[in-house]
Amino acid sequence: MKRILLGIVAMFGLIDVVNAVTPDLTPRLGAWTFYFYQGPGFGMVATKSICLQQDHTWATGPTLPGHGSWAQDGKDINFSGTIGEVIQGVAFSAFGHMLTKTMITGQYMNFNIVQDPPNGVYGSFRATFTASTC
């Protein structure tokens, strides 16, 4: 019985140690540069500046306007929204993984919601933090 009790105490102590050394991976707010690679060959197709905002929204500049929301759960970060003119109806969804507070990698998918399938593209992305202001 004493061994079991010591094992339980040790396990909870280990959990506290793991929680103490797990880094805070909340992304930095501000401008990020996203690099997009499109399948099936995964060549680089675009670089885009995206602003992550305090209210868990994101927005791009006027060249190819886009906006949406982002949510984080631990190291996982998800983006959803639209890219391009609203009338085009291009939906954007990305599922990323925080490597550090300033680096994200993941997969994305775009598709036109007003056209019949197949009309989407998919790929991977990496993003790096570039500035505190957008």
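The chain has one helix and eight strands. Helices (H or I, at least four residues) and strands (E, at least two) are DSSP runs, numbered from the N terminus. The order from the N terminus is α-β-β-β-β-β-β-β-β.

This is a predicted model, in which local features need pLDDT of at least 70 and side-chain atom pairs count only at pLDDT 80 or more, while totals for chains, interfaces and linings use all residues. Residues are numbered from 1 along each chain as its sequence is written, and side-chain values use heavy atoms, with hydrogens and water left out.

**Overall figures**

The chain has 134 residues, and 31% of them count as buried. Buried means under 20% relative accessible area, exposed means over 50%, and partly exposed lies in between (1.4 Å probe, protein chains only). The accessible surface comes to about 8,600 Å². Carbon and sulfur atoms hold 64% of that surface. Areas come from the Shrake-Rupley method with a 1.4 Å probe; for residues, only the protein chains shown count as cover.

Contact means heavy atoms within 4.5 Å. Among contacts in the chain with a separation of 6 or more, 38% are between residues 24 or more positions apart.

**The disulfide**

The chain has one disulfide, defined as a pair of cysteine sulfur atoms within 2.5 Å. Cys51 and Cys134 form it, with their sulfur atoms 1.8 Å apart. The S-S torsion is about 80 degrees, so the disulfide is right-handed. Cys51 lies in strand S2 (residues 43–52) and Cys134 in the segment after strand S8 (121–131), so the pair ties together parts that are 83 residues apart in sequence. Cys51 is buried, at 11% relative accessible area. Cys134 is exposed, at 64%.

Leu52 and Cys134 are 82 residues apart in sequence, but their C-alpha atoms are 8.5 Å apart in space. Beyond its neighbours within four places in sequence, Leu52 contacts Pro27, Arg28, Leu29, Gly30, Trp32, Thr57, Trp58, Trp70 and Phe79.

**Thr60 in S3**

Thr60 sits in strand S3 (residues 57–60). Thr60 is buried, with a relative accessible area of 18%. A polar atom of its side chain lies 2.6 Å from the backbone nitrogen of Gly66. That is a polar contact: a pair of N or O atoms within 3.5 Å, where within protein one must be able to donate a hydrogen and the other to accept it, and residues adjacent in sequence count only if both atoms are side-chain atoms. Leaving aside neighbours within four places in sequence, Thr60 touches Lys48, Ser49, Ile50, Pro65 and Gly66.

**Strand pairing: S4, S5 and S6**

Two strands pair if DSSP finds at least two bridges between them. S5 (residues 76–83) takes part in both pairings below.

S4 and S5 form a hairpin with two residues between them. Gly74 is in the turn and has a positive phi of about 65 degrees.
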